[in-house]
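Please refer to the sequence and coordinates shown below.

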Amino acid sequence: MNVGITCYPTYGGSGIVATELGLELANRGHEVHFISYANPIRLDLETPRIHYHEVDVSTYPLFQYPPYCLALASRMAEVAESYELDLLHVHYAIPHSISAMLAQQMLARKRNLPFITTLHGTDITLVGTDRSYFPITKFSIEQSTGITSISDYLRARTVDVFGVANEIRVIKNFVNCDLYHPDDAKKGASVYAPAGEKLLIHLSNFRPVKRVNDCVRILAEVRKHVPAHLLMVGDGPDRSPCEYLARELKIDRHISFLGKQNHVERIIPLAHALLMPSDLESFGLVALEAMACGVVPVATNVGGVPELVTHGEDGFLEGVGDIEAQAARVVQLLTDDDLHYRMRKAGRWNASARFCSDKIIPQYEKYYRDVVNAAR
């Protein structure tokens with residue numbers, strides 16, 4: 001098939017999933033056209049059958065804000081017509097689904113261009129519930145030819161908040177189990193922990209919902225019982241407050257702020273445990289990547305995370321803001337080698353059995369066929 005994919009080309013989960021999906025589809029023989037204002041951060045343009053079409057947003061004195069939504073719609077229609085796309089697949093409802101709808105209408109006299117909207121989380125739980133965006137978010141979802149969500153939780157939340165009557169197909173996030181794999185020797189860990197401390201890791205876009213300061217407080221509690229070093233991967237608005245808190249608690253030399261990283265699959269396996277203390281996660285892609293790497297997640301019992309992590313089997317789930325409980329779980333993992341071994345093996349097995357690419361990508365392929373056939 002010829003598929004057009006649009007996503008935010010940043011380090012957020014929706015962009016990562018969209019990029020990985022495109023790469024997997026290309027490897028399975030599909031032609032994949034990415035349409036966005038910048039090259040998605042994990043996209044390897046040397047991959048056969050991957051194409052990138054940049055959206056050029058012009059600025060004029062008349063416009064206080066550049067009309068990206070309109071520029072995107074025009075580019076979508078142009079690419080769809082030039083390359084005979086079978087469908088558009090947009091990730092994150094606003095503004096991508098509205099742009100896809102406009103592109104569909106622009107081509108309506110010549111052909112039917114179906115589009116699928118994949119809901120990822122904050123497009124529903126944060127942006128969509130803003131009164132300014134609620135009507136347009138609801139409209140864009142309902143006008144989509146097909147809708148998917150990344151978890152049962154998010155599907156239920158979408159129906160509850162927006163009253164959407166359309167079918168929403170749940171296709172959960174996935175991980176490339178060949179790329180994300182354990183490193184039992186922890187080669188390279190000594191770069192960050194020369195004294196042999198065990199490594200913890202957190203990966204996010206450092207937005208308030210991720211509660212990155214909790215990671216610093218958890219480390220402070222953990223270090224009262226066992227030597228540990230924390231890797232903070234990513235960047236965002238809460239990075240500076242997080243660095244300040246680390247200095248205030250006098251543990252800044254036990255934390256490495258690594259910023260944005262293109263190859264997290266090389267860093268995650270170095271850790272023993274993942275910290276994911278979020279206020280909300282609609283799925284928890286980082287936890288899945290950690291499990292595939294044999295790293296045990298200590299997360300919060302929120303949103304779609306319980307659909308991925310089974311408490312006490314392949315990870316731990318505690319209450320939001322419960323620093324003591326989360327720290328205690330980390331201490332358990334760092335001091336009980338048998339427990340850590342059992343849980344990391346269970347995590348790798350569950351990731352492989354339930355969420356590897358070869359389990360999930362065929363679900364997207366089938367949905368594409370269903371949507372295209374229905375549109376015809």
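Thr 145 sits in the loop that links α5 (134-143) to β6 (146-149). The model is a predicted one, and in it Thr 145 has a relative accessible area of 36%, so this residue is classed as partly exposed.

Once neighbours within four places in sequence are set aside, the contacts of Thr 145 are Gln 104, Pro 114, Phe 115 and Val 371.

## Helix α8 and its buried side

Helix α8 spans residues 239-248, and Arg 239, Cys 242, Leu 245 and Ala 246 are buried in it. These residues lie on the same side of α8 because the arc they cover around the axis is only 125°. The packing partners of the buried residues of α8 are α7 (212-222), β9 (228-234) and β10 (255-259). Just after α8, Lys 250 adopts a positive phi of about 60°.

## Arg 239

The side chain of Arg 239 makes a polar contact of 3.4 Å with the side chain of Asp 235. Beyond the neighbours within four places in sequence, Arg 239 is in contact with Phe 206, Gly 234, Phe 257 and Gly 259.

## The largest pocket

The largest pocket holds about 880 Å³ of space. Its lining comprises 46 residues, and those nearest the centre are Gly 12, Gly 13, Asn 205, Arg 207 and Lys 210. By class, this lining consists of 19 nonpolar, 20 polar and 7 charged residues.

Several elements each contribute at least two residues to the lining of the largest pocket: α1 (13-27), α4 (122-125), β8 (198-204), β9, β11 (273-276) and α9 (285-292). Which element gives the most to this lining? It is α1, with 5 residues. Strand β9, one of the contributors to the lining, is also among the elements against which the buried residues of α8 pack.

## The second largest pocket

The second largest pocket has about 320 Å³ of space. It is lined by 14 residues, of which Glu 20, Leu 23, Arg 42, Leu 179 and His 263 are the closest to its centre. The lining of the second largest pocket divides into 4 nonpolar, 5 polar and 5 charged residues.

## The enclosed cavity

Rolling a probe the size of a water molecule over the atoms shows where empty space is left. In this model the count is 1 cavity of 30 Å³ or more, and the volume of the largest cavity is about 60 Å³. The residues that line the largest cavity are Ile 16, Val 17, Glu 20, Phe 174, Val 175, Asn 176, Tyr 180, Leu 285 and Glu 289.

With 3 residues, α1 gives the most to the lining of the largest cavity. The classes represented there are 6 nonpolar, 1 polar and 2 charged residues. Glu 20 lines the largest cavity and is also one of the residues closest to the centre of the second largest pocket.

How values were computed:
Residues numbered from 1 in each chain as written. Predicted model: local features only at pLDDT ≥ 70, side-chain atom pairs only at ≥ 80, totals over all residues. Heavy atoms only, no water. Buried < 20%, exposed > 50% of the residue type's maximum accessible area, 1.4 Å probe, protein only. Helix = DSSP H or I, 4+ residues; strand = E, 2+ residues; numbered from the N terminus. Arc of directions from axis to C-beta. Contact = heavy atoms within 4.5 Å. 1 Å grid on protein atoms, 1.4 Å probe; cavity = no way out; pocket = protein on both sides within 12 Å on 5 of 7 lines; lining within 4 Å. Points joined across faces, edges and corners; volume = space filled by probe spheres on them. Nonpolar A, V, L, I, M, F, W, Y, C, P; charged D, E, K, R; others polar. Polar contact = N/O pair within 3.5 Å; in protein donor to acceptor, adjacent residues only side chain to side chain.
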